[in-house]
Amino acid sequence: MSKLNLAYYLLVIVYVLSFQEVFSQTALGEPDIVMKLVEQKDFTSPTDSRIAKIQSTIVYSFNRVRMVYVNSSISPSSRPATFLLEIMPKYKRDNDEFSMTKMVDSTETMTFSYTTGYHTSATLIVTDISKGSLKSYHTIYGTNSTNETFSLNYKVLGLRKGLVMTDSLKKTISVRAFEQVKPKLPAVQEKAFNAAIKNIGAAAEDAPYFLFPVKLPLTAIVESKKDKAEVVSTPGLASLRLGLNKPFPVYEIIERKIGRVTYEQFTQIGALTNKVSAKTVENCDVTDGEKEIFAALQSGKKIWCSPFKPLTVNKYEEDIPGVAVLLVAPAISKEDWEKCYLKLRTEYLSARGTYYPMLDRTKLEVIQKEKNLQKSEAFIDKATIQQFKSIGAGYLLEVQLKDFQETYETLMGGRYKFSVNCITRLIEVKTGEILAEVPNTFTKNWSHSSITTITTEQDREYDAIVASSNREATIRLLGLDYLAFNLREVLNRALPQKIEVVEIAEEKKENAEALIIAGNFNAEIKSDDYFICRKKVVEVDGEQLIRMEQIGVVFVKTALGDGIALAKVKKGEKDIFKAIKAGDKLFCIDKPEWFINGQYTRQLKVAGF
């Protein structure tokens, strides 16, 4: 299959119908989510059945665990929609490798090995229809690598006994053998794809528990031995309809109020498994932390468990503004625009997560359609910006694609090149002020590999360009598939991460050795260095400016919940200790060069510093 159709995003709008508070921390009801599947055919490649197969596998897996039910023309439902779910699948084939593995002169046969594989993924985005903003998102993956061997005789390959095998002859033989087995390779590729599909289907069975997370209370000890809990009661477990032998981490929760957010910090104390040996479906066997769980329940302490990982649900105040995401690209087709827009929204999630919630795309359709009809590359004007107030947007993230180029260069033996200028700006809707603007040129090159026994993704795409009757269009189509918007830089400048030091977690001889920090991290907490700074306000020419004074460096060690982490102090142990004991508020900043010298004072104020 041509790469022309690979990695097309299929937009499937799914209405998740109302359900009672079964996914709250006291989930006891029937956890059926009814979804209405509506395909947007304008944005789907009709010839690429693999994209549709990924989507249908995900829906089937949802139904298989009976947490969700697909509302279709065959089995309609009239229940009102409360959530919007977008399923965005894609796939990519691994490098194909064909090589000679064995030569038996006595039987005049040679054995060859062919290896291929697939990577499949799907990003699932859930939007709260009543609020018109993002609720949750989750990405699932399925991969597979498949190997097949082929035995060919000398006669087919045009060989004879007694040949001295040289590197040149080996390459020639491999090329001949590849041509012989080529008709059989699509079946091997299909086998690899089906295996990858099976794996993403398995991941999809667990996806609802991440999209609609649940934490269950442990209420009582059912069986114990001395001071160890062996079986505990977990009300609500039966309603989840999980398979057997699923892991359940057990944890305590501490709430920490910081600014406009109440963060939940977890401490894991053990683990459960819903094994066959449990006396009822409401009970679980304790597999770790038997003493700790026993002590907690005996003392009346509240402890929780969740499928697969400890769960914290932070409580946001309503005044945290949402972000409207807008794409200006009049030079591309409707189908290409849709693909780029989905990539843009997905990249926003990976860059900023849910702290500044992304607004429901349906709220932006009128404004976006008007902009598309204008066929103008100009940025949106201030008068139009005011329209975003009515849909609850605090900020507008506008991305402009312009100056597309598709060329052939004679460098490096010949290569095709795609480039596009991408200008990203973030605007405060209330004032119309541009908080940050970042220009970026995205490029993608294709050249052909000189290795004849390995076919790379780039080789396949290069061949597709050469074979195309419209090479410029093919280059653009393939280039847009790789497009990245570099959102992290503009978001970090306009809405910098506000991460505060909560308290000293470990200290020794008036040195702070570890800290608990919390704030609007990027989408996920990763191990990284942060600079510990103290805010200072100075007056320059009658204007108050924010300065950040660096007093130390920490390394984020591990997440303690959503937006809260444990960090080891690498530098400034004494200064950090003294500042905290003196009552100073300390912040963690990952790009001190942006803020220490007072640039971006306006942005620091917007972010709440």
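This is a predicted model: local features need pLDDT of at least 70, side-chain atom pairs count only at pLDDT 80 or more; totals for chains, interfaces and linings use all residues.

How many strands does the closed barrel have, and in which order do they run? The closed barrel has 6 strands, which run β21-β22-β25-β24-β23-β26 with antiparallel pairing.

Residues are numbered from 1 along each chain as its sequence is written, and side-chain values use heavy atoms, with hydrogens and water left out. Helices (H or I, at least four residues) and strands (E, at least two) are DSSP runs, numbered from the N terminus, and two strands pair if DSSP finds at least two bridges between them.

Strand β21, residues 499–508, pairs with strand β26, residues 586–589, in the antiparallel sense over 2 bridges, and isoleucine 499 stands opposite cysteine 588 in β26. Helix α13, residues 573–581, lies across β21, β22, β23, β24, β25 and β26, and runs at about 60° to β22.

Most residues other than glycine have a negative phi, and most peptide bonds are trans. Lysine 509, however, has a positive phi of about 50° although it is not a glycine, and glutamate 510 has a positive phi of about 60°. Are these residues buried or exposed? Lysine 509 is exposed, with a relative accessible area of 72%, and glutamate 510 is exposed as well, at 53%, where buried means under 20% relative accessible area, exposed over 50%, and partly exposed in between, with a 1.4 Å probe and protein chains only.

A hairpin elsewhere in the chain also has a positive phi. Strand β9, residues 220–225, is joined by 5 bridges to strand β10, residues 228–233, and the two run antiparallel. The bridge partner of isoleucine 221 is valine 232 in β10, and in this hairpin, which has 2 residues between the strands, lysine 226 takes a positive phi near 60°.

Turning to helix packing, helix α7, residues 334–352, and helix α12, residues 487–494, pack at an angle of about 50°, with their axes 9 Å apart. That makes α7 oblique to α12, because angles under 35 degrees count as roughly parallel, over 145 as roughly antiparallel, 65 to 115 as roughly perpendicular and the rest as oblique. The contact, meaning heavy atoms within 4.5 Å, involves residues of α7 including Leu344 and Tyr348, and residues of α12 including Leu487 and Leu491.

Finally, consider phenylalanine 193, which is found in helix α4, residues 185–211, and which counts as buried at 0% relative accessibility. Phenylalanine 193 and threonine 120 are 73 residues apart in sequence and 8.5 Å apart in space, C-alpha to C-alpha. Leaving out residues up to four places away in sequence, phenylalanine 193 touches Arg50, Lys53, Ile54, Tyr91, Tyr118 and Thr120.

Terms used: Axes are lines fitted to C-alpha atoms, for helices over the stretch in contact, and angles run from 0 to 180 degrees between N-to-C directions.
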